[in-house]
Amino acid sequence: MECEKLELTQEWDKVFPKRDDVDHEKVTFVNRYGITLAADLYKPKGEAGKFAAIAVSGPFGAVKEQVSGLYAQELAARGFLTIAFDPSFTGESGGHPRFMSSPDINTEDFQAAVDFLSCHDEVDPERIGILGVCGWGGMALNAASIDTRIKATVTSTMYNMTRINAKGYYDEADNADARGYHPRSPGSNDGWNVIGCMSFISQPIIAYSDEIRTPILMIHGENAHSRYFSEDEFAKLTGDNKELVIIPGAVHTDLYYNVDVIPFDKIEEFYNKCL
């Protein structure tokens, strides 16, 4: 199968500033559907070796130049090798038609990211975690329930996309001014393909979260309209490998860009302990 050739922007076009203590490069990898994904790779500047690694994506409808990149760069500054990737059909990643989403393909996107990290010369394949923001928090739990290579999972301000699409979208605490605009993001522009998310209605995700045996850290804002998604999914998790952190006073989008609210110290501590 011939891989799709991607046109990748080489200049820094993120909605957050570039850190001087982190090395950055563009990378690509292919998922099992033959779709080529684009990602930003971050690692501690000038360091080499076998790193613990983290794949990051989200929010739903965002691109790697936005929230996931901010998380990935910050975690790289804290000692991890990270990638923030554009899901299939969005951003700089391949796949047609554009602005589509799929429970199966998007879960595979996370697994393909793990494939890439597992084969990277500077990654310890036994120390790979994932982090999903908003709708990709649900995708992260979905991937963790079926892929034992994922050793630790963090969700931040999580949405269950099946539940939203089937039962309605509660957006009263969300607003355009709380997100960093990016021209490649469906969420920033005209939105998804009109039938782009319909498959979530009849294809529920996170059906087997009670079988996850690896550590899970879930983070949500106290005043987030979406808080019930994390609380309900947390209740389904079993064993002593789970933790739910509620950030006092925070709303849903505070966990997108507000670095004074996002508990990076807690996330770093969790990954250091579990990877």
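Helix 2 (residues 103–119) and helix 3 (residues 135–144) pack at an angle of about 75°, with their axes 9 Å apart. The two helices are therefore roughly perpendicular to each other, a label that covers angles of 65 to 115 degrees. Helix 2 contributes Pro103, Asn106, Thr107, Asp109 and Phe110 to the contact, and helix 3 contributes Trp136, Met139, Ala140, Asn142 and Ala143; contact means heavy atoms within 4.5 Å. Helices here are DSSP runs of H or I with at least four residues, and strands are runs of E with at least two, numbered from the N terminus.

This is a predicted model, in which local features need pLDDT of at least 70 and side-chain atom pairs count only at pLDDT 80 or more, while totals for chains, interfaces and linings use all residues. Residues are numbered from 1 along each chain as its sequence is written, and side-chain values use heavy atoms, leaving out hydrogens and water.

The largest nonpolar core has 79 residues, and Tyr71, Leu131, Ile267 and Tyr271 have the most contacts inside it. Such a core is a set of buried Ala, Val, Leu, Ile, Met, Phe, Trp, Tyr and Cys residues joined through side-chain atoms within 4.5 Å. Helix 2 gives the most to this core, with seven residues.

Phe29, Phe85, Phe110, Phe116 and Trp136 form one aromatic cluster. Rings of Phe, Tyr and Trp (its six-membered ring) pair if their centres lie within 6.5 Å. Tyr159 counts as buried because its relative accessibility is 2%, and Phe229 likewise at 2%; buried means under 20% relative accessible area (1.4 Å probe, protein chains only).

Definitions and conventions
Axes fitted to C-alpha atoms, helices over the stretch in contact; angles between N-to-C directions. Parallel < 35°, antiparallel > 145°, perpendicular 65-115°, else oblique. Buried < 20%, exposed > 50% of the residue type's maximum accessible area, 1.4 Å probe, protein only. Phe/Tyr/Trp six-rings, centres within 6.5 Å; stacked < 30°, edge-to-face > 60°.
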